[in-house]
Amino acid sequence: MTRTFPMSRQCPYDPPPDYGRLRESEPVSRVRTWDGTEAWLITRYADSRAVLADRRFSSDSRRPGYPSVSAASAVSRRQMRSFINMDDPEHAHFRRMLISSFTMRQVEALRPRIQSIVDSLVDDILAAGPPVDLVQAFALPLPSLVICELLGVPYADHDRFQAWSRTTINAASTAEQAQRAVTELAGYLGELVDAKDREPGDDLISRLVVNQLRPGHVTRADVVGMARLLLVAGHETTANMIALGTAALLAHPDQLERLRTDPSVVKSSVEELLRYLTITHSGRRRVATEDVTVSGQLISAGEAVIVAGDAANRDPEVFAEPDQLDVARKARQHVAFGYGIHQCLGQPLARVELQVVHGTLYGRIPTLKLAIPAEQLRFKHDMIVYGVHELPVSW
Amino acid sequence: MKIVVDRDKCIGSGQCVMTDPAVFDQDEDDGLVILLQPEPPADHQAAARDAAMICPSQAITIQE
């Protein structure tokens, strides 16, 4: 039977219940996506890792049969391709230019700065008094400020780039809306690249301009593509993890209390929420370049594959009682950042930001609670990255 | 136990360094894996196995 993808959730914190049934009885199943493209849906953890690590599955979005997430995403990938939609050796060529800025050591060096941003945002929240929308007052500004400083993008422009970014990850955006947003974001970043070429600063885009663009290792469009990927991925994902993670903890007060009173679970709570929420809920997309058999099912060359990381992260073969949120769980083998050569480049940065948030926010506002009934929260079912639209809180 | 790393496969995710910074490091210049202890003592062997399992590019191999 061919189901429609994406499937519907019942509980906002759990993946669609169909995933559990498929993982058990039909782990490689047939689905039809928004534009009629048929794809194989992978729901088991072991199969997910196997597919994502297998070079016979291509990430190249120009290949016939590549299953795009939405009309908007098809447009933005066509117009501004970046290394997440390339295969090696092309992918490695670009990724390796960036790794040294995202090592554990480089990112740990940012921890004091991240702590000071978190502290001052919490000061502002407390000064403003309840109710406060935690998305606008905290979850979005923190990663946006951090990625802007790292890249050398003026934070003062955040209203513009956040709006362009939202349009491209909104599955309900039309191709025309996405086209306009992508063009405007590319134009904005292009001007920024030119400005840094005239006067380089101490930031990542300037380093790309000086070390890669000027010697001719990459084109201006390549630098714009990398800047765009880092800017969009750097704030959308972390912002949603902060807001949705807080909502999930407020819905599980015993777990929030544990985290608030036991600093030893700060790191594991971050991994557990990454696993439990898996906000990249649109799946990792691939197209087979050869015939490959996965869990007994033949996937033929040219066929599309969607790896449901949110299903894999609830696989009871790997995580005991997977539907329970347990902030002390050892969950680091989750695939919330993907797996294989495309595993998230920014994950050390995301981890440090989330660890600082978890180690600070709930301690400084110990009586934090929702300012509206939980059933009134609006979840991002239509967005390529899952989350909450607003999180009104009081204390 | 002997650990072997393949820097050509490494994507610099930092997962191994996070698992056990006494055994793995990242190069300052290219961010790729540096193996500090190819034959780790007993109390670091479980972490080395975890690092090999978690490594997204399967660049770490354990030989028992």
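**Exercise 1.** Find V224(A) in this predicted model: which helix holds V224(A), and is V224(A) buried or exposed?

*Solution.* Start with the helix: V224(A) sits in α12 of chain A. Next, check the accessibility. The relative accessible area of V224(A) is 6%, and the cut-off for buried is under 20%, so V224(A) counts as buried. Now look at what V224(A) touches: leaving out residues up to four places away in sequence, the partners are M80(A), A186(A), L189(A), G190(A) and V193(A). For a distance check, take L185(A): 39 residues from V224(A) in sequence, but 9.2 Å away in space, C-alpha to C-alpha.

**Exercise 2.** Stay in α12 (residues 220-250) and go to T238(A). Which residues is T238(A) in contact with, leaving aside neighbours within four places in sequence?

*Solution.* First the burial: T238(A) has 5% relative accessibility and therefore goes down as buried. Then the contacts, which are P143(A), A350(A), E353(A) and L354(A).

**Exercise 3.** Turn to the contact between chain B and chain A. How many residues does it take from each chain, and how many salt bridges cross the interface?

*Solution.* Count residues to begin with: 24 come from chain B and 20 from chain A. The area buried between the two chains is about 1,900 Å², with carbon and sulfur atoms giving 47% of that. On to charges: the rule finds two salt bridges across the interface. One pairs R105(A) with E28(B), at 3.3 Å from N to O. Finally, polar contacts link 16 residue pairs between chain B and chain A, counting pairs with both residues at pLDDT 80 or more.

Definitions and conventions: Residues numbered from 1 in each chain as written. Chains lettered and ligands numbered in written order. Predicted model: local features only at pLDDT ≥ 70, side-chain atom pairs only at ≥ 80, totals over all residues. Heavy atoms only, no water. Helix = DSSP H or I, 4+ residues; strand = E, 2+ residues; numbered from the N terminus. Buried < 20%, exposed > 50% of the residue type's maximum accessible area, 1.4 Å probe, protein only. Contact = heavy atoms within 4.5 Å. Buried area = accessible area lost by both parts, 1.4 Å probe. Salt bridge = Lys/Arg side-chain N within 4 Å of Asp/Glu carboxyl O. Polar contact = N/O pair within 3.5 Å; in protein donor to acceptor, adjacent residues only side chain to side chain.
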